[in-house]
Amino acid sequence: MEDSIRSRLPAILLFLMGLVFWQFIVGALEVPRYILPAPTTILERIWLERLMLIDNLRATMLAAVIGFAIGVAAALALGTLFLYSKTAEKALMPWTIVIKTIPALAIAPLLTIWLGFGLAPKVAIAAIASFFPILVNFHRGLGSISSEIGELLDLLGASTAQSLLKVRLFASLPFTFAAFKISSGAAVLAAIVAEFTGANRGIGTLIVTSGYQQDAVMLFAAIIVSCAATILFYYLVVIAERVCLYWPDAVMRT
């Protein structure tokens, strides 16, 4: 625990120094709050509007978490299919790349038209954003066992299911959790982008409304709250990774 805090101390100190410098510059140059509010002004607004911010954050994070879970399930299923069917891999992988290249901001209005203004389009965008990194890393992890281990499985007469469940899934975990860490942030970002184009609640809606009203304080408040939630989501994945990757070699590979 002490080593963990010590390793993060430079980043924490740099962050605090940045806040002090920001506060000093805004006060010294008398920058209008509608252009760049001081950190203390933003923190005060976050506290005063905390219930409203939490309500909107809950809507965004619900969509992000559900979308992330759907993206994980789809990627794991397709990655397993690709392992045992090269035909399916050759047929479907190019289409997953095409889906990955579509900008979320471009497809979000379409999904809003098709699925409405509720939770569904945000979940769909978050799932799409989460899906591809997990698929690629999981598929690579499944195929990462050495030729010696493959020959040993053949000598032992391991079935396809035994090979998958007792060897390949464990070999894929370091790759898969690396992708989870990338996709957790992508899911939150995608849910916020989906809210830009049509939603009743959420951090994205709050950002758009604050932009129209030129309310820079609320804009910064929404950004800070969403960043904090994204970081929390990321570290929940890190905790899950440390629980699942319990053998020493797995820790070294991550």
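## Ground rules

Since we're looking at a predicted model, local features need pLDDT of at least 70 and side-chain atom pairs count only at pLDDT 80 or more, while totals for chains, interfaces and linings use all residues. Residues are numbered from 1 along each chain as its sequence is written, and side-chain values use heavy atoms, with hydrogens and water left out.

## The big picture

(Helices are DSSP runs of H or I with at least four residues, strands are runs of E with at least two, and both are numbered from the N terminus.) Along its principal axes, the C-alpha trace spans about 75 × 50 × 25 Å.

Of the 254 residues, 39% are buried; buried means under 20% relative accessible area, exposed means over 50%, and partly exposed is in between, using a 1.4 Å probe and protein chains only. Take the contacts (heavy atoms within 4.5 Å) with a separation of 6 or more, and 75% of them come from residues 24 or more positions apart.

## Surface and charge

The accessible surface comes to about 14,800 Å², and carbon and sulfur atoms own 72% of that. These areas come from the Shrake-Rupley method with a 1.4 Å probe, and for residues only the protein chains shown count as cover.

On the charge side, there are 17 positive and 14 negative side chains, and the centres of the two sets lie 4 Å apart. Lys and Arg count as positive, Asp and Glu as negative, with His and the chain ends not counted; each charge is placed at NZ of Lys, CZ of Arg, CG of Asp or CD of Glu.

## Two helix pairs

Two packed helices are described by the angle between their axes and the distance between the axes. Axes here are lines fitted to C-alpha atoms, for helices over the stretch in contact, and angles run from 0 to 180 degrees between N-to-C directions. Start with α3 (residues 50-84) and α8 (residues 160-197): their axes come within 8 Å and cross at roughly 145°. The α3 side of the contact includes A59, F68, V72 and Y84, and the α8 side includes T160, R168, F180 and E195.

Next up are α5 (residues 104-115) and α6 (residues 119-142), which pack at an angle of about 145° with their axes 9 Å apart. Here A104, I107, A108, L111, T112 and L115 of α5 meet A120, P121, A124, I125 and I128 of α6.

## Around α9

Helix α9 has six names to remember on its buried side: I203, G204, T205, L206, I207 and S210. Those buried residues pack against α3, α8 and α10.

Q214 sits in the loop between α9 (203-212) and α10 (216-244), and at 65% relative accessibility it is exposed.

## Other residues to look at

E30 also has a positive phi, about 55°, although it isn't a glycine. Most residues other than glycine have a negative phi. You'll find E30 in the loop between α1 (2-29) and α2 (39-48), exposed with a relative accessible area of 67%.

Finally, A69 lies in helix α3 and is partly exposed, at 44% relative accessible area. The C-alpha atoms of A69 and A126 are separated by 9.3 Å, with the two residues 57 apart along the chain.
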